[in-house]
Amino acid sequence: MPVSAAKTAAHRPAPGRRAHVGVRAAKRFIDCAGAAVLLLFVAPVLIAAAVAVKLDSPGPLLFRQRRTGWRGKEFHVLKLRTMHVGSERLRVAMEESNEADGHLFKIREDPRVTTAGRWLRRYSLDELPQLVNVLRGQMSLVGPRPLPVVDSAFTGEARRRLLVRPGITGLWQVSGRSDLAWEDALRLDLEYVDTWSIRLDLAILCRTLPAVLRGDGAY
């Protein structure tokens, strides 16, 4: 083989690498197309939910919270507001009431949640604005949930969650949601990171609607 041809072959990506890049590109295309179509499809639901939020309690329509995402990059996740204004400042005082562990904070009968917010959370309607996060490239339709903690809080195996874009839904969400302990949620997230594929994403998306309609672990 000529020297020039040998150099070209040495710098050419391996077939497996090209395939991996191709699958990631396909996932991104599905994310963008899916998020755009879903936004059009759920627009009437979003409008109705927005009206419920505004009529139920004073305050902004959207809740923006800093989350840690892909490769440790921080971004503001979008949600319909489900709590009374100023509720974030009360979290420290409510740590003793936390029913979750690890990086999770959940209280079944959280007094900060509004009446409309309870219904929105039960059916995950408050998460719909995150379709915009998907279009911005900050999230994926499927992946580990972004958590409201700084990058340095992810240590050991938990750091592997950051190797993929966070998702609106994932193995965690279709396997129990808030009823899962942090250790179980982390195990499912790492299982996804290690085995994700377009086929797995589609399977999770198909399982998401039934899980949402059941409302299990949603609070």
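**Note on the predicted model**

1. Gln65 stands opposite Val77 in strand 2. The structure discussed here is a predicted model. The pairing that brings these residues together joins strand 1 (residues 62-68) to strand 2 in the antiparallel sense, over seven bridges. Strand 2 covers residues 74-80 and is mostly covered, with five of its seven residues buried.

2. The hairpin formed by strand 1 and strand 2 has five residues between the strands, and Arg71 takes a positive phi there. The value for Arg71 is near 60°, in a residue other than glycine. Arg71 lies in the loop between the two strands. Its relative accessibility is 59%, so Arg71 counts as exposed, the cut-off for that class being over 50%.

3. A positive phi is also found at Ser124, where the angle is about 55° although the residue is not a glycine. Ser124 is placed in the loop between helix 4 (115-122) and helix 5 (130-135).

4. Helix 7 (residues 198-214) deserves a comment on its length and its course. Its 17 residues should span 24 Å at 1.5 Å a residue, and the end C-alpha atoms are 25 Å apart, which agrees.

5. An α-helix has 3.6 residues a turn, so residues three or four places apart point the same way.

6. On the surface, Ile47, Val51 and Leu55 form a nonpolar patch, with about 330 Å² of accessible area together. Val51 belongs to helix 3, which runs over residues 43-56. The relative accessible area of Val51 is 43%, and this residue is therefore classed as partly exposed; that class lies between the limits of 20% and 50%.

7. For the overall fold, the protein chain contains seven helices and four strands. Along the sequence these elements follow the pattern α-α-α-β-β-α-α-β-β-α-α. Of the 219 residues of the protein chain, 43% count as buried.

Conventions: Residues are numbered from 1 along each chain as its sequence is written. This is a predicted model: local features need pLDDT of at least 70, side-chain atom pairs count only at pLDDT 80 or more; totals for chains, interfaces and linings use all residues. Side-chain values use heavy atoms; hydrogens and water are left out. Patches are made of residues with over 30% relative accessible area and no salt bridge: like charges are joined within 9 Å, nonpolar side chains (Val, Leu, Ile, Met, Phe, Trp, Tyr) within 5 Å. Accessible areas come from the Shrake-Rupley method with a 1.4 Å probe; for residues, only the protein chains shown count as cover. A salt bridge is a side-chain nitrogen of Lys or Arg within 4 Å of a carboxyl oxygen of Asp or Glu. Buried means under 20% relative accessible area, exposed over 50%, partly exposed in between (1.4 Å probe, protein chains only). The expected span of a helix is 1.5 Å times one less than its number of residues. Two strands pair if DSSP finds at least two bridges between them.
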